Amino acid sequence: MDAIPYLAGASAILGLLLAGFFFNNVKAAAPGDDRMVFLMTEIQKGARAFLKKEYSWVSVFVVVMAVLIGALIAPAAAITYVIGAVLSALAGYIGMTVATMANARTTEAAKSGPGKALPIAFRGGAVMGFSVAGLALLGLMAVYVIFVLALEVDDAFEVVTAYGLGASSIALFSRVGGGIYTKAADVGADLVGKVEAGIPEDDPRNPATIADNVGDNVGDVAGMGADLFESYAGSILAPISLVAFALGLGAEQASAMTNISLLSFPMAIALAGMVASIIGSFLVKGGTSTDSKALSKALHMGTNVAMALTVLATVAIAFWLFGDNDQFDSPIGLAIAVIGGLLVGWALGKTAEYYTSDHFGPVKKIAGQTSTGPATTILGGISAGMVSVAASVALLAVGVAVAYWGGEMAFDSIGNLDGGIYGIAVAAIGMLATTGVVVSVDAYGPIADNAGGIAEMAELDPSVREVTDALDSLGNTTAAVAKGFAVGSAALTALALFKSFEFAVAQAGGSLSLDIGQVEVFIGLFLGAMLPFLFAALTIDAVGRAAQEMIEEVRRQFREIPGLREGQPGVNPDSARCVAISTAASLKEMIVPGALAVVVPLVLGFINVDTLGGFLAGALVAGFCLAIFMANAGGAWDNAKKYIETGAHGGKGSDNHKAAVVGDTVGDPFKDTSGPAMNILIKVMTIVSLVFASAFVG
């Protein structure tokens with residue numbers, strides 16, 4: 001049992017070794033002709049330049065926060081905060097590096113059909129998946145072993161929790177900055193290219209296409225990687241911090257039999273999930289068909305096997321850790337809580353798939369509504385997104401109820417720790433236990449999207465684009481599924497961290513009330529419900545402003561560069577200018593929304609802890625619902641457009657298609673900027689409150 005943190009760390013190293021194996025596997029594949037290599041290199045240069053600038057900007061924020069944490073909490077907490085931030089940034093950078101290397105190789109493989117292209121795109125994504133899971137778990141176990149077990153520092157679990165805050169800080173800025181970048185370029189490229197100029201997506205004449213492809217990597221790969229790094233680390237941290245703060249544990253008490261079982265359980269689940277993900281990753285193989293159902297089955301094989309293995313391992317772990325302990329009534333209850341979380345995460349993903357895949361009614365209905373113009377198209381997407389919230393909230397409620405019941409079945413209470421609340425906390429790690437393979441499938445999407453862009457810009461045979469389009473369409477659905485996992489775990493993790501915050505306040509000598517009859521709590525509740533909307537407005541507005549600048553630049557080049565719009569030989573667009581516009585705009589625009597998540601809880605906490613409690617509760621509920629709505633509405637619009645591009649309702653270039661493009665551009669910041677950042681927002685605010693709880697009371 002004492003070996004669990006070390007075994008979990010070892011499994012993380014295995015995951016990183018697998019990432020290295022897949023990296024070499026992708027690198028060995030042929031990148032294509034000189035034109036394809038040139039395009040790949042341009043995308044790489046743009047992505048690297050952006051991340052270098054973004055990380056240099058964010059490092060200023062990290063230094064300021066580290067100084068604040070060191071002064072108000074503990075110097076050791078500042079160290080773990082920086083470790084979390086650095087590893088999160090590293091995971092994103094690794095993912096971006098391999099994704100920009102895998103895109104042209106996927107295009108080249110697509111010449112031989114989906115059987116060759118799918119595995120390369122997946123393995124490129126798997127480098128990201130196992131880098132994220134491996135670095136997150138290895139970093140967390142290292143921090144736990146060093147500061148809790150070896151050094152036994154004062155306030156050991158505040159120090160460990162600061163690791164999660166470091167990961168959250170990078171995740172928030174990466175999601176917001178990368179999301180603004182990618183959608184400014186995407187909206188600009190689509191509106192001027194498809195609607196005004198009437199040229200295909202990713203046409204080499206369009207100056208914004210390189211910026212658009214760069215955006216896929218900095219937003220949907222690096223940003224998503226930092227997001228899932230934070231989600232995964234947070235889901236393991238939440239039950240650990242809950243146990244520590246509920247039982248008032250310091251490092252020296254963490255070796256008691258009951259406590260060590262409760263602390264070790266989430267680490268053991270992470271260990272099992274990592275091993276299961278490694279096994280599952282080898283089962284993804286492409287076939288010969290471009291049918292999306294066949295491709296989906298091949299891609300999800302690894303995820304399904306990893307989930308099944310995790311379920312079996314969870315039952316064994318529960319009996320191993322708690323079976324011989326008299327303080328636990330029924331260990332199977334904790335296994336039920338974890339498995340319930342895993343199944344609800346899967347169901348949230350499937351709900352997202354239903355509302356965003358062109359195989360089902362909602363997307364086909366939106367595609368049909370394009371016949372009466374952009375207005376009805378937008379209305380259809382909004383209503384589909386809103387309806388999906390009802391289904392997702394119902395699923396989450398079931399998950400919370402099952403997890404609470406499972407926890408209560410295992411034990412009523414130990415000290416201040418309620419069995420049901422612990423069950424909810426470990427349900428979150430159930431959702432994200434198979435992060436390695438889930439992120440692999442998600443990161444596959446941007447690689448397939450880039451592969452299609454390179455096929456178009458390199459003017460390859462249309463059959464190649466047909467294969468990459470089939471892979472890309474599936475990628476939109478896999479991204480929606482991963483967002484379902486992420487936002488579901490965010491709600492459960494935030495709930496567990498919120499309960500830890502309550503215990504931390506009490507431990508520091510204060511008290512926290514959530515009685516909405518108290519005016520302080522009532523005010524906080526409304527402020528919390530408001531903030532996700534303000535955050536969404538700021539990020540959407542940022543995309544709008546950046547896209548406006550991009551649109552004007554693309555129009556200017558079409559107007560001022562002779563022969564560009566006509567496609568005359570030797571006439572090339574100034575793509576570097578568009579990359580520079582997206583880079584400058586996204587870095588400038590990410591500061592205010594990103595800072596809000598940290599500054600507002602700090603300000604409220606130092607004014608009144610009860611107001612902060614109400615604020616966190618309001619933000620959790622409103623943020624969860626808004627995240628689901630925006631992600632699914634955006635995904636539905638995107639796939640309605642892609643459905644029409646397959647030939648339905650008039651196909652490309654028709655009025656229906658133009659209406660669908662407008663819907664898609666509205667949905668772009670919904671699904672790739674504001675929506676995904678929302679789940680980070682609610683966790684950042686909760687974990688900031690937890691880390692600074694003692695300072696608020698003091």
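This is a predicted model: local features need pLDDT of at least 70, side-chain atom pairs count only at pLDDT 80 or more; totals for chains, interfaces and linings use all residues.
User: Let's start with the core. Which residues touch the most other members of the largest nonpolar core?
Analyst: Tyr232, Phe265 and Phe692 do, in a core of 241 residues. Helix H6, residues 209-246, gives the largest share, with 21 residues.

User: What is phenylalanine 692 in contact with, leaving aside neighbours within four places in sequence?
Analyst: Its contacts are Met65, Leu68, Ile69, Leu72, Ile73, Leu165 and Leu602.

User: Now rings. How many aromatic pairs does the structure hold?
Analyst: There are 17. One of them joins phenylalanine 21 and phenylalanine 282, with 6.4 Å centre to centre and 45 degrees between the planes, so this pair counts as tilted. Phenylalanine 21 sits in helix H1, and phenylalanine 282 in the loop between helices H7 and H8, 261 residues apart in the chain.

User: How exposed are phenylalanine 21 and phenylalanine 282?
Analyst: Phenylalanine 21 is partly exposed, at 44% relative accessible area. Phenylalanine 282 is partly exposed too, at 41%.

User: And what kind of pair do phenylalanine 265 and phenylalanine 322 form?
Analyst: An edge-to-face pair, 5.4 Å centre to centre with 70 degrees between the planes. The pair links helix H7, which holds phenylalanine 265, to helix H8, which holds phenylalanine 322.

User: Buried or exposed, phenylalanine 265 and phenylalanine 322?
Analyst: Phenylalanine 265 is buried, at 0% relative accessibility. Phenylalanine 322 is buried as well, at 1% relative accessible area. Ring pairs also link Phe265 and Phe322 with Phe328, Phe411 and Tyr422 into a cluster.

User: Switching to threonines. Where does threonine 107 lie?
Analyst: In helix H3, residues 75-110. Threonine 107 is buried, with a relative accessible area of 0%. A polar atom of its side chain lies 3.0 Å from the backbone oxygen of asparagine 103. Beyond four places in sequence, threonine 107 is in contact with Met36, Ala451, Ile454, Ala455, Leu460 and Val464.

User: And which helix holds threonine 161?
Analyst: Helix H5, residues 156-197. Threonine 161 is buried, at 2% relative accessible area. Not counting residues up to four places away, threonine 161 touches Leu237, Ser241, Phe245, Ile687, Leu690 and Val691.

User: Last one, helix H10. Which of its residues are buried?
Analyst: Pro362, Val363, Ile366 and Ala367. Down the axis of H10, these buried residues fall within an arc of 140 degrees, so they line one face of the helix.

User: Which helices do the buried residues of H10 pack against?
Analyst: Helices H9, H11, H18 and H19.

Definitions and conventions:
Residues are numbered from 1 along each chain as its sequence is written. Side-chain values use heavy atoms; hydrogens and water are left out. Helices (H or I, at least four residues) and strands (E, at least two) are DSSP runs, numbered from the N terminus. Buried means under 20% relative accessible area, exposed over 50%, partly exposed in between (1.4 Å probe, protein chains only). Contact means heavy atoms within 4.5 Å. The arc is that of the directions from the helix axis to the C-beta atoms. A nonpolar core is a set of buried Ala, Val, Leu, Ile, Met, Phe, Trp, Tyr and Cys residues joined through side-chain atoms within 4.5 Å. A polar contact is a pair of N or O atoms within 3.5 Å; within protein, one must be able to donate a hydrogen and the other to accept it, and residues adjacent in sequence count only if both atoms are side-chain atoms. Rings of Phe, Tyr and Trp (its six-membered ring) pair if their centres lie within 6.5 Å; planes under 30 degrees apart count as stacked, over 60 as edge-to-face and the rest as tilted.
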